[in-house]
Amino acid sequence: MRIILLLICVTVSGVFAHATEHAPSIFSACLNTEDSVVTITYSKTEDLCNSFIRNDFWASPNSSTPYILLGTSNNKNQTLIQFKLSDAFSDWSFYISTSNDCFGNPSLTSDIYTIKRPESIEIDSLSFDPNTNELLIGWRNPSGKNIKGYRIYQENGSINSKLADTNTTNYRLSNYPLQKSYPITLAVFDSCDRFSKISRAHKPIVLNITIDSCKQMLKLNWNRYIGWLSDTFCLYISIDGSNYSRFVQLSDTFTQYIYDLGKHYSFFIGTKALSDPLITTSSNSVSFFAKERIPSDLFYISHCSIEEPGTINMQLWLLNGHVGDSITISQIHPAISPSNVAEHKVIQTNSSYNLNYIIDTYDSPYSFIASTKSACGTYKETSNQVSSILLKLENNVLYWSSYDGYINGVELYVLFGFDGFTWNNIAETQDTFYLIQDSYEKYQIVANASTNQFNIKEQSKSNIVTSDEHSTIFIPNAINVNSSNNTFKVLGKNIDVTKSHFILFNRWGEVIYKGNNVLTGYTFNIEGDNIHTDLIFYSVYIYDYQGRQTQQSGYLSIIR
């Protein structure tokens, strides 16, 4: 019997050890400032001996005012309750009293919970990840309870704009602008969405470089960290992908670095807080490839043609050139130094330039060459040299100078003749002379080349020469204004229509019409022309291609 009683006592004692020994703990008390309703969350009531009667909820608007009963709950499983308070702006405090415990004690009291916003915290540092240039924001855990999360802000004057919320003590910002950097601030918020005061603003170090390619020098500059003080900076460097190593320690916010061509450099700046050497920061990383100067893939004048009137046209090609270089086109003179005729600035690596050079006379071939020079003047590259074609006509034989400059040389010379209306292909030859067999008013040579490896069309024209023959003309002596034969015009060959012209008069010397194109002439309309005579007088001024003038005057019979 003693053994049985002992077992019962042990069992009952074990139950009491896990029975109602304390009041529930208050987790939070969230007060709505609009309607003064407080929402209290608390732990579930432990009751293994069925001694629980109720939970009483007490509140005081300040530390000097007695607590008042807000209400009760006899539901031991309840963990949330709401009450209407007299105001929403006092420093309210709450506690819970529970009746009864397993030993019949009338009240167990919880700890007091006072409504207050979380304590503010400070940012430790803003630091860039040198591999990704993402901004890392770090801080330490606050000492208060009921911390739900942290809000990160962008500060702009007195305005703090939300960037992100997080529940960890660090945050990675991937889109931080280096050119327009801004300060970062931080606040804590609890489960009631009450926010602490906003922290002191921090602003990271931003590193910039400028390149002096003429001196092969990098100029590095950066700002001081804002948020805490530091007195020295360390410049870290990586060459061709190696691990970063400390290069130099500085007190200023600028320095210079002489680089070698053909290498890839990366830099960042590091420093630490004077108040706590364990708090460090690093700037963004800046990378630079010191490209070695290599010749362009193509620097080439594809043609040199004589254009009317008095113009030489060239096309210059540049493939994989260097932006910032200057291009000079020079005319080559025998026995004297070249003279510059055009200059251009390279603004794209792949470019073409159409060049026109005005000439006064053309009695010998013109030669040209292009050169490119780096902005520093330390590098120069030259194109092919080209020479235009000079065509001459002597004793019924055409002679021309060889064209120079094609990559693969001239394939064929094509001779064209102008019959007064169209240009006609007369002959194709590899010679530089031709015996005239047909009579044309004008002649021109075109130098063609086979398609080169750059798929550039190469075709250069010579000057135009005119036949030695004088112009021959026929002028009608009558027209029928009521038929298709109602046009006064000049027929003939070797007529320079750009200079030739004519004038029509009536029998009283009054001008009826002045025309500049003798080949199209003037079409009469008996009703519209108000012609009251049977005779029209004319004066025709004809120029041939050598500039020689012929003038003829006469009369025209009008047939009605």
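Modeller: Of the chain's 560 residues, 43% count as buried, where buried means under 20% relative accessible area, exposed over 50%, and partly exposed in between (1.4 Å probe, protein chains only). This is a predicted model, in which local features need pLDDT of at least 70, side-chain atom pairs count only at pLDDT 80 or more, and totals for chains, interfaces and linings use all residues. Residues are numbered from 1 along each chain as its sequence is written, and side-chain values use heavy atoms, with hydrogens and water left out.

Colleague: What radius of gyration does the chain have, and what would a compact globule of 560 residues have?

Modeller: The chain has 50 Å, whereas a compact globule of 560 residues would have a radius of gyration near 24 Å. The radius is taken over C-alpha atoms, and the globule rule is 2.2 Å times the number of residues to the power 0.38. Along the principal axes, the C-alpha trace spans about 160 × 70 × 50 Å.

Colleague: How many helices and strands are there?

Modeller: There are 2 helices and 47 strands in the chain. Both are DSSP runs numbered from the N terminus: helices are H or I with at least four residues, strands are E with at least two.

Colleague: Turning to cysteines, how many disulfides does the model contain?

Modeller: The count is 2 disulfides, a disulfide being a pair of cysteine sulfur atoms within 2.5 Å. One joins cysteine 30 to cysteine 192, with an S to S distance of 1.7 Å. Cysteine 192 is buried, at a relative accessible area of 17%.

Colleague: And which cysteines form a disulfide with sulfur atoms 1.8 Å apart?

Modeller: Those are cysteine 214 and cysteine 376. Cysteine 214 is in the loop between β15 and β16 (217-222), and cysteine 376 is in the loop between β28 (367-373) and β29 (380-382), 162 residues apart. Cysteine 214 is partly exposed at 44% relative accessibility, and cysteine 376 is partly exposed at 26%.

Colleague: Why is the disulfide of cysteine 214 and cysteine 376 called left-handed?

Modeller: The torsion about its S-S bond is about -90°, so the disulfide is left-handed. For cysteine 30 and cysteine 192 the torsion is about -75°, so that disulfide is left-handed as well.

Colleague: What does methionine 314 touch?

Modeller: Leaving out residues up to four places away in sequence, methionine 314 touches Ile301, His303, Cys304, Ile329, Tyr353, Asn354, Leu355, Phe368 and Val386. Contact here means heavy atoms within 4.5 Å. Cysteine 304 is buried, with a relative accessible area of 0%.

Colleague: Where does β23 stand in its sheet, at an edge or in the middle?

Modeller: The open sheet has 3 strands in the order β23-β24-β27, with antiparallel pairing. β23 and β27 (351-358) stand at the edges, each with a single partner strand, so one side of each is left without a neighbour in the sheet. β23 and β24 (residues 311-319) pair over 9 bridges; strands pair if DSSP finds at least two bridges between them. Leucine 298 has leucine 319 in β24 as its bridge partner.

Colleague: And which face of strand β31 is covered?

Modeller: In β31 (residues 391-394), Leu391 and Leu393 form the covered face, and Lys392 and Glu394 the uncovered one. In a regular strand the side chains alternate between the two faces of the sheet. β31 pairs with strand β32 (residues 397-400) in the antiparallel sense over 4 bridges, and leucine 393 has leucine 398 as its bridge partner. Their hairpin has 2 residues between the strands, and asparagine 395 takes a positive phi near 55° there.

Colleague: Lastly, where is aspartate 534 found?

Modeller: Aspartate 534 is in the loop between α2 (526-529) and β46 (535-543), and is partly exposed at 46% relative accessible area. Not counting residues up to four places away in sequence, aspartate 534 touches Leu556, Ser557, Ile558 and Arg560.
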